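Keep the 3D view open as you read.

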Amino acid sequence: MRESTTPPRSDSVSPDTQHRVEQFLYAEAELLDTFQLKDWLALLTEDIMIKVPIRTYTHPGTEQSEFSENGYYLRDNYDMIRERVGRLKKSYAWSENPRSRIRHVIGNVRITEVTEESYTVTNNQHVYRSYGDTPENDTLSARRDTVLQRGEAGFKIADRTVFFEDSIVSTKNITLPLL
Amino acid sequence: MGSSSNSEYSSRVKRMIEQTGSGIDEGSFPLKIFNDQDIYDAELRRIFARSWVYLGHMSEIEQPGDYVRRYIGEDPYILTRDETGQIQAFLDSCMHRGAQFCTADKGNTSHFRCPYHGWTYSNDGTLQGMPKKAEAYQGLDPEDVELESAYLDTFKGLIFGRIVDEGPSLEEYLGDFKWYLELILDPTEKGMTVVTDAHRWQANHNWKTSADNFGGDNYHVFATHQAAEETDDLDRGPWKKLPDNRRGEFNHLACTDNAAVSYQITNDRETYMGYPDDITEHFNSDLSEEQTELFRRSLFYFGTIFPNTTVVHAVQSGGWGGPWAAIRKWQPRGPGEVEVISWWLVPEEYEDNDAFMERSHRGWESLSAGGAFESDDLTIWEGISESTKSMTLDIRESKGNMQQGMDGMSDEVEILEDPMHGPGEVTTNGGFYDERGTRTLLSSWYEQMSREETGANSGEQ
């Protein structure tokens with residue numbers, strides 16, 4: 001079983017809402033790509049959880065989800081995310097020194113649930129990572145579920161889960177800007 | 001076979017093996033062995049085919065038919081519990097044409113059917129039948145056909161396997177390290193259980209690089225993990241009982257014949273690695289007084305059993321929380337590549353304690369490809385892989401250094417004779433200033449690499 005599929009709901013939101021949600025995701029992606037992580041942090045609610053579940057290829061026909069419900073590469077609350085952002089700024093955070101060149105390409109943006117407080121948004125993404133003075137690069141393909149809290153000042157990210165295609169992580173680490 | 005011709009291959013490999021052997025007492029080793037195709041090919045045959053290689057934990061295959069795919073060297077095996085409850089491990093290779101019949105990483109099945117011609121095996125490895133037997137195989141007795149299986153042995157729920165059935169039994173091989181393993185992976189009455197699927201990531205370094213690092217290298221923490229060390233105290237628990245430098249009587253290294261573990265303790269006998277207070281009710285009464293005493297004061301253990309099994313049990317990691325435990329396998333994927341597999345374990349008594357599980361997950365998460373702590377290691381190890389394949393190190397036969405703890409190197413390292421620290425060769429400050437762990441693991445490497453090759457197609461002349 002893959003991640004749960006969601007019925008198309010394009011009729012349930014106005015083109016304007018769809019446009020605003022997409023523009024928000026694109027702008028957010030630029031903050032990640034350019035490591036403007038302090039500004040990015042300001043887009044998160046303080047009760048956010050970001051999760052990257054483990055994926056395992058299970059026996060064909062099994063009802064069990066491929067995605068673990070209790071095992072994650074990353075399952076972080078706001079405090080943990082803030083710490084990650086803080087350490088990435090340090091020159092001796094070797095995982096990102098030299099810094100990766102990252103580019104999000106986001107597509108298939110669908111709003112799957114609408115409440116008075118929030119939109120639940122699903123998107124597909126290819127995140128390209130180039131590193132150091134080598135021809136090596138990784139592309140991380142994923143589906144991403146985001147809950148956007150609606151507020152007068154705009155959207156805030158209240159929850160996010162990134163479902164990678166890979167069952168074996170094939171990039172050297174999962175740094176925040178790759179999500 | 002390596003990249004060179006047969007005789008060149010074997011004389012070159014022999015030379016590097018002998019240089020490793022003769023360098024151990026001098027505290028040096030040929031850097032090239034950390035990324036070399038010929039050495040790697042020899043390791044698969046000489047080390048991985050006949051060492052005890054960790055395959056899995058009993059708790060992963062509790063029901064008949066449960067199976068997981070695991071590797072010995074680069075050979076894919078299916079570890080399963082058959083219908084009679086016996087544990088088995090088969091090579092994923094049909095005895096007809098060699099096709100693979102297992103596509104999943106885990107599952108439950110009583111039979112495996114080869115997709116190529118439909119030969120079907122029971123999960124005890126016996127051939128049950130094939131299509132059109134009456135027309136095509138009248139004279140073949142299915143009982144004469146069995147999947148290739150690994151020789152298995154277990155210790156405290158850990159299942160190990162090997163391809164060649166020679167050398168010491170698992171218990172003999174683990175030797176004095178059993179004392180530490182009991183303490184690290186069996187401290188409570190009900191024992192430990194694997195919680196969920198493993199973290200798996202492919203990394204660009206040789207399997208020995210990380211096996212060595214987890215076999216007692218605390219010395220790297222200050223440089224490599226400086227950024228993570230400065231993480232605010234989100235959740236360090238009783239780690240705070242330590243003085244800042246954590247050295248001296250608080251840090252030790254224990255080496256046995258084929259394993260090395262560094263550990264950190266406090267003077268507080270109520271530390272219990274940060275476990276909830278009721279740990280005293282669950283403590284394993286089979287442990288000796290000395291083991292119990294050491295566990296009471298314990299903060300962490302990081303150890304490697306040669307060749308590629310690592311065990312961890314720790315109060316926290318990088319300020320991220322805990323206590324947490326893990327078994328790791330450095331799965332070789334080439335001379336400069338490894339798949340890291342990290343299984344999270346908890347004492348069964350705490351499996352339903354949500355608050356505990358949340359903190360324990362954080363510790364485990366911190367040391368993974370997604371982790372705030374480990375990601376710095378991975379970048380550095382990648383560089384080792386890049387440099388050690390260099391022609392410069394090959395031609396010049398350049399040596400790396402592992403002299404820490406040898407005569408004249410440190411006033412801070414002392415050999416401890418104290419039953420509380422177990423039967424290994426234990427040094428105070430050993431995690432920081434003693435490279436005995438590296439020397440121990442490379443001694444095991446030398447011993448196995450220099451032993452005559454086994455099998456009909458051995459490269460030995």
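Predicted model: local features only at pLDDT ≥ 70, side-chain atom pairs only at ≥ 80, totals over all residues.

Residues are numbered from 1 along each chain as its sequence is written, chains are lettered from A and ligands numbered from 1 in the order in which they are written, and side-chain values use heavy atoms, with hydrogens and water left out.

Back to our proline: Phe306(B) and Pro307(B) are joined by a cis peptide bond, with omega about 0 degrees. Another cis bond, also with omega about 0 degrees, links Gly322(B) to Pro323(B). Pro323(B) belongs to the loop between S17 and strand S18 (324-332) of chain B. Most peptide bonds are trans, and most residues other than glycine have a negative phi. With that in mind, look at Tyr272(B), whose phi is positive, near 45 degrees. You will find Tyr272(B) in the loop between strand S15 (259-265) and helix H9 (279-282) of chain B.

Now step back to chain B as a whole. It is divided into domain 1 (53-155) and domain 2 (175-448), with bounds that come from an automatic or database domain assignment. The C-alpha centres of these two domains of chain B lie 34 Å apart. Where they meet, domain 1 of chain B brings 13 residues to the contact and domain 2 of chain B brings 18, contact meaning heavy atoms within 4.5 Å. The size of an interface is often given as the accessible area lost when the parts come together. Here the two domains of chain B bury about 1400 Å², 56% of it on carbon and sulfur atoms; buried area is the accessible area (1.4 Å probe) that two parts lose on being put together, summed over both. Which three residues supply more than any other three of the area that domain 1 of chain B buries against domain 2 of chain B? They are Tyr54(B), Tyr71(B) and Phe155(B), with 43% of that area. The rule also finds two salt bridges across this domain interface, a salt bridge being a side-chain nitrogen of Lys or Arg within 4 Å of a carboxyl oxygen of Asp or Glu. Elsewhere in your view of chain B, Asp105(B) and Arg200(B) form a salt bridge, at 3.7 Å from N to O.

Next comes the partner chain. Chain B places 46 residues in contact with 36 residues of chain A. Between them, the two chains bury about 3400 Å², and carbon and sulfur atoms give 49% of that. Two salt bridges are found across the interface of chain B and chain A. Arg84(A) pairs with Glu365(B) in a salt bridge, their closest N and O atoms being 3.2 Å apart.

Let us turn to the open space. On a 1 Å grid over the protein atoms alone, a cavity is a set of points where a 1.4 Å probe fits but cannot get out, while a pocket is an open set with protein on both sides within 12 Å along at least five of seven lines; lining residues have an atom within 4 Å of a point. Grid points are joined across faces, edges and corners, and a volume is the space filled by probe spheres set on the points. The largest pocket has a volume of about 710 Å³. Its lining counts 33 residues, and Gln64(A), Glu60(B), Lys106(B), Thr196(B) and Asp197(B) are the closest to its centre. Strand S3 (66-72) of chain B gives the largest share of this lining, six residues. Both domain 1 and domain 2 of chain B provide at least three residues each.

Finally, the structure holds three cavities of 30 Å³ or more.

How values were computed:
Helix = DSSP H or I, 4+ residues; strand = E, 2+ residues; numbered from the N terminus.
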